[in-house]
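Q: Could you walk me through this one, starting with the sheets and then moving on to the core and the charged side chains?

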Amino acid sequence: MEALTAFAKRVNPERITAEMRQLQETLSEESRGRWEALAAGKLSLNPDDAVDMRDLRMALLDFIADFANWDNSTVPAYLETSQTLTQAAHEALGGEPGTRPLVVDPFAGGGSIPLEALRVGADAFASDLNPVPVLLNKVVLEYIPKYGIRLAEEVRKWGAWIKEHAEKELAEFYPNDPDGGTPIAYLWARTILSEAPDANLAPVEVPLLRTMWLSKRRGFAFALRWIRDKQGKVVTDDVLVQSGDQPKRIRRPRLEIFSPVSDSEVENGTVKGGSATCPVSGFTTSAARVKEQLKTQRGGAQSARLYAMYVERSSTRGFRTATSTDLTLFHSATRASEEVLRKNPDAFPIENINPIRPYKNSRGLSAVTRIGCITFSDLYNRRQALAIHTLYEALTKIEDLDHGLETDLLKAVQVALAFAINRSVSQNTSMSRWDASRLTIKGAFSKQALAVVWDFAEANPFSGGSADWDGAIAWVTKFIYANSILSSPGTVVRSSATRSILPTDSAAALVTDPPYFAAIPYADLSDFFYVWFRRGLRDVFGELFKSSLSEKDDELIVTNAQKGPGGRQKDDMFFREGMATALRTARDCVLPSGIGVVVYAEGTTAGWEAILGAIIDAEWMVTSSWPIDTEMTNRTQAHESASLQSSIHIICRPREDASGAVTQKVGEWRDVLRELPIRIHEWMPRLAAEGVVGADAIFACLGPALEVFSRYSRVEKANGETATLREYLEHVWGTVSSEALSLIFKDANAAGLEPDARLSAMWLWTIGGGSSKEGKKPKANSEEADDSDDASDDDDDLSSGSKGKSTGGFVLEFDAARKIAQGLGVDLEQCESLVEVKGDKARLLPVAERKTYLFGQEAQAGNFGIGRRKKMQQKTLFAELDEIEAAEAGWIDLKGPTPGTTVLDRVHQAMILFAGNRGELLKRFLVEDGVGKDERFWKLADNLNKLYPPATDERRWVEGVLARKKGLGL
């Protein structure tokens with residue numbers, strides 16, 4: 001009470017202060033009145049008054065909500081108050097005065113959870129199996145709190161020394177232009193030879209350009225174009241290139257740079273969907289053959305074509321085409337790198353990239369192996385690799401200088417500088433893209449996979465421009481300054497989460513974000529950085545870099561790419577058992593009165609069953625679950641799919657008594673099933689009121705549902721058998737589906753609608769239809785649409801990897817769709833007229849694909865789920881309607897189509913008639929045939945209008961039908 005009252009008076013002091021202005025600027029409207037009342041003494045917080053305690057609770061929640069605003073993350077008033085509150089709570093709950101509560105994160109990863117624990121005044125223990133996050137957490141949680149601003153100053157000082165040293169070594173490979181201009185970025189394109197059947201001429205070299213744009217900035221537009229002769233043919237130069245041991249003559253198309261006035265002046269790039277079109281002949285080489293050619297080039301980074309340069313001259317920047325001198329400089333760097341490798345064959349990362357796709361839709365690094373990148377060195381051209389190696393060589397020399405630093409500070413400086421170098425590892429690779437909008441080099445990881453990039457940008461590390469050394473040092477020092485608010489260090493160790501390190505009952509809380517089943521191959525991805533860290537830091541942190549690649553045997557993830565201990569397959573059970581061991585280990589170190597938070601955003605039902613099973617097997621009792629917005633809404637899989645827009649935070653308590661012994665209590669199956677719908681009914685409307693719908697709401701209901709089940713050590717059926725979690729979750733899905741349906745239709749009588757309408761509504765709701773976030777649509781970037789052959793971000797997604805109009809319809813993971821249907825009393829396998837099942841995916845058909853079923857002879861079958869859809873060649877909607885209308889005698893006399901048997905069929909028929917501009921038939925259909933006189937028709941149409949995602953044909957068509965209602969007098 002004292003802490004919050006003191007904070008309120010800082011927000012509303014008697015006299016205006018600079019701090020007050022800062023606090024008032026970011027204050028939420030909801031909390032403003034409460035702080036004013038507290039500061040003025042209008043709220044009397046009496047600990048013996050239940051009403052006052054409710055006000056205190058609301059004030060605390062207001063404080064947390066305002067503190068969650070990113071702008072307040074380093075504001076002293078919030079930091080100091082949060083630390084006071086943490087300490088007060090710790091002591092009130094029995095903590096020793098003068099000690100701080102310990103927060104444990106055994107899957108620390110990037111360290112955001114333990115970092116937040118330190119910010120709010122707790123102690124933090126962070127462990128991870130992977131050396132790369134351990135190294136990062138050493139900097140964040142130990143070095144920055146210990147050395148603060150001094151660390152930043154030393155990093156800046158020795159970063160300047162590294163630059164000076166490395167620049168001398170590399171100067172001859174990055175000279176200024178004759179006019180004094182400084183190259184900032186070198187723009188390259190991988191190349192293939194056109195496979196056009198022309199035996200009389202030398203083959204054409206095709207640069208793989210995803211776009212011809214160099215700059216799309218307004219007032220500074222530049223693009224590439226082919227140089228053509230008077231007949232409009234692309235001019236080529238005859239060039240001799242080395243092909244194996246023999247030189248080979250090829251034709252190289254000429255390019256020039258120009259300033260377009262309009263977008264229409266800029267031609268398309270040469271590569272789309274992985275296939276490449278020759279600018280000379282127009283012949284398209286297939287994607288498969290493009291990959292085969294690149295395989296012979298080990299990915300093509302060394303044999304790429306340097307086509308343009310981004311250069312700074314005086315105070316202006318611009319583009320120029322590459323010259324033979326530029327190529328000569330590059331070849332000199334190549335020879336220098338070969339000399340380095342002759343002296344030290346391990347100078348560049350020669351470790352093999354794992355060529356196996358880790359698991360189904362998770363990509364990792366495997367995409368690049370399909371174009372021939374075998375080792376990590378293949379991801380860089382030789383000048384890029386030489387630059388990174390030279391920076392690390394300079395780093396290793398600091399220890400031998402008169403640095404004047406104590407041992408631990410020196411280690412901290414070296415590690416922080418290694419992170420600066422590793423920005424080049426990500427930003428100066430042949431998988432780095434040129435951003436024509438921002439005029440910068442984009443790093444290799446735009447998502448949690450390494451995508452294939454056809455044309456790439458190489459940075460000049462000493463240019464003062466994009467992705468250079470000064471920028472890397474500025475980034476690292478900025479990070480250190482921002483986190484120098486931490487006054488107490490945490491503890492960081494490298495350890496498997498399954499092995500106990502901390503004493504029993506030593507921690508107040510477990511807060512962790514564990515691996516998401518099969519979504520992201522963390523260890524594979526970390527190898528991209530690990531191989532360079534190992535070369536630069538093995539003398540500094542030898543214990544972390546003993547092996548050639550990061551350890552993967554004990555990594556808790558489902559994958560086809562590696563085996564577990566003893567050669568065990570890393571399947572669902574491996575993940576569940578390993579996670580149960582890890583969470584049991586964590587429960588042992590957490591006090592009986594402590595709390596656990598497991599963050600999860602997996603979208604597959606198998607993944608959820610595994611993590612929930614692990615929580616229960618580890619003797620935690622789930623008490624609630626909260627969806628918290630953590631995911632970007634513009635992710636590529638967030639459209640027309642059941643993507644989680646939030647991470648589900650599963651709250652749990654040790655199922656222990658005060659002495660720490662696990663409680664053993666048997667529950668009755670019938671009692672559990674009786675309580676389940678009551679809890680879901682309490683929870684889901686609350687979520688809906690907060691705008692949480694769809695997949696978010698489904699998974700957010702798991703917490704309350706599991707509270708009913710997990711409070712028992714065993715749930716027993718009437719016959720004495722043990723009820724399994726899988727059985728229970730089947731009931732949970734059914735209960736959630738029924739409750740969601742009542743929310744979807746609200747005052748409409750869902751029971752009066754046939755199964756197909758209920759299934760469609762629930763399906764659309766699951767993918768996020770009707771969400772308050774529905775206006776946030778991802779925007780396709782035409783420049784980058786074809787950057788990747790294989791990589792995509794299919795994590796936390798119930799749907800398949802491809803959505804939207806490329807496939808049509810709305811895709812769910814089959815098991816999720818089956819459980820939704822089962823909860824509604826529908827057999828998914830009998831829904832062929834509405835749902836298509838392929839492998840582990842199920843697709844709710846777009847309305848346009850139901851035309852033949854709804855208007856053709858098949859419609860006469862009239863039963864939901866009976867009859868197979870006819871395979872038809874793709875035609876326009878009008879053409880198909882013309883054919884169907886001509887084939888159906890009833891249409892010739894304009895009597896209209898036979899109304900479908902179900903309400904959903906009739907709504908879809910009306911939508912197609914509207915879309916096909918059959919206004920007179922639509923009128924007859926709705927008025928004379930009486931379809932529009934059924935109130936269920938309009939209620940279903942109205943609800944579908946809210947459920948179909950924005951900008952889809954379905955949304956537009958159903959809106960059109962609804963708009964006709966009043967005009968028809970219905």
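A: Gladly, with the caution that this is a predicted model. One place to begin is an open sheet of four strands, ordered β15-β14-β3-β18, in which the pairing is antiparallel.

Q: Which strands stand at the edges there?

A: Those are β15 (316–321) and β18 (455–459), and because each has a single partner strand, one side of each is left without a neighbour in the sheet. From one strand to the next, the twist averages 25 degrees.

Q: And how many bridges join β14 to β15?

A: Strand β14, residues 305–313, is joined to β15 by six bridges, with the two running antiparallel. Within that pairing, Tyr310 has Phe319 in β15 as its bridge partner.

Q: Which helix lies across β3 and β18?

A: That is helix α12 (residues 382–397), which lies across β3 (182–189) and β18 and runs at about 35 degrees to β18.

Q: What about the loop between β14 and β15, which residue lies in it?

A: Ser314 lies in that loop, and although Ser314 is not a glycine, its phi is positive, at about 55 degrees. Ser314 counts as exposed, because its relative accessibility is 77% and the cut-off for exposed is over 50%.

Q: Where is Asn917, which also has a positive phi?

A: Asn917 sits in the loop between α27 (903–915) and α28 (919–928), and its phi is near 60 degrees, a positive value in a residue other than glycine. Asn917 is exposed, with a relative accessible area of 62%.

Q: OK, parallel pairing next: which strand does β1 pair with in the parallel sense?

A: Strand β1 (residues 102–105) pairs in the parallel sense with strand β20 (residues 507–512) over two bridges, and Val104 stands opposite Leu510 of β20. Strand β20 also pairs with β23 (residues 590–600), in the parallel sense and over five bridges, where the partner of Thr512 is Val598 in β23.

Q: Switching to packing, how many residues are in the largest nonpolar core?

A: The largest nonpolar core has 233 residues, and the members that touch the most others are Leu151, Leu379, Leu417, Tyr728, Leu759, Trp763 and Trp765. Helix α13 (residues 407–427) gives the largest share of this core, 12 residues. As background, nonpolar side chains in soluble globular proteins tend to be buried together.

Q: What does Leu759 touch, leaving out residues up to four places away in sequence?

A: On that basis, the contacts of Leu759 are Ile820, Ala821, Leu824, Val826, Leu828, Cys831, Leu834 and Val835. There is also a second, separate core of 27 residues, which includes Ala223, Tyr307, Ala308 and Trp434.

Q: Now the charges: how many salt bridges does the structure hold?

A: The structure holds 58 salt bridges. In one of them, the side chains of Asp455 and Arg210 meet at 3.1 Å, N to O. This pair links distant parts of the chain, since Asp455 is in strand β18 and Arg210 is in the loop between β5 (205–207) and β6 (213–217), 245 residues apart.

Q: Is that pair buried or exposed?

A: Asp455 counts as buried at 3% relative accessibility, and Arg210 likewise counts as buried at 7%.

Q: What about Glu682 and Arg679, how many residues apart are they?

A: Glu682 and Arg679 are three residues apart in helix α18 (residues 669–689), which means that about one helical turn separates them. Their side chains meet in a salt bridge with an N to O distance of 3.1 Å; Glu682 is partly exposed, at a relative accessible area of 49%, whereas Arg679 is buried, at 17%. Elsewhere, salt bridges that share partners join Glu609, Arg726, Glu730, Asp815, Arg818 and Lys819 into one network.

Q: Last one, which side chain of opposite charge is nearest to Arg305?

A: That is Glu205, 4.3 Å away, and Arg305 is buried yet has no salt bridge, because a salt bridge requires the nitrogen and the carboxyl oxygen to be within 4 Å. Arg305 is found in strand β14. Leaving out residues up to four places away in sequence, Arg305 touches Glu205 as well as others, including Leu187, Trp188, Pro207, Arg252 and Arg254.

Key
Residues numbered from 1 in each chain as written. Predicted model: local features only at pLDDT ≥ 70, side-chain atom pairs only at ≥ 80, totals over all residues. Heavy atoms only, no water. Pairing = 2+ DSSP bridges. Axes fitted to C-alpha atoms, helices over the stretch in contact; angles between N-to-C directions. Contact = heavy atoms within 4.5 Å. Core = buried A, V, L, I, M, F, W, Y, C linked by side-chain atoms within 4.5 Å. Buried < 20%, exposed > 50% of the residue type's maximum accessible area, 1.4 Å probe, protein only. Lys, Arg positive; Asp, Glu negative; His and termini not counted.
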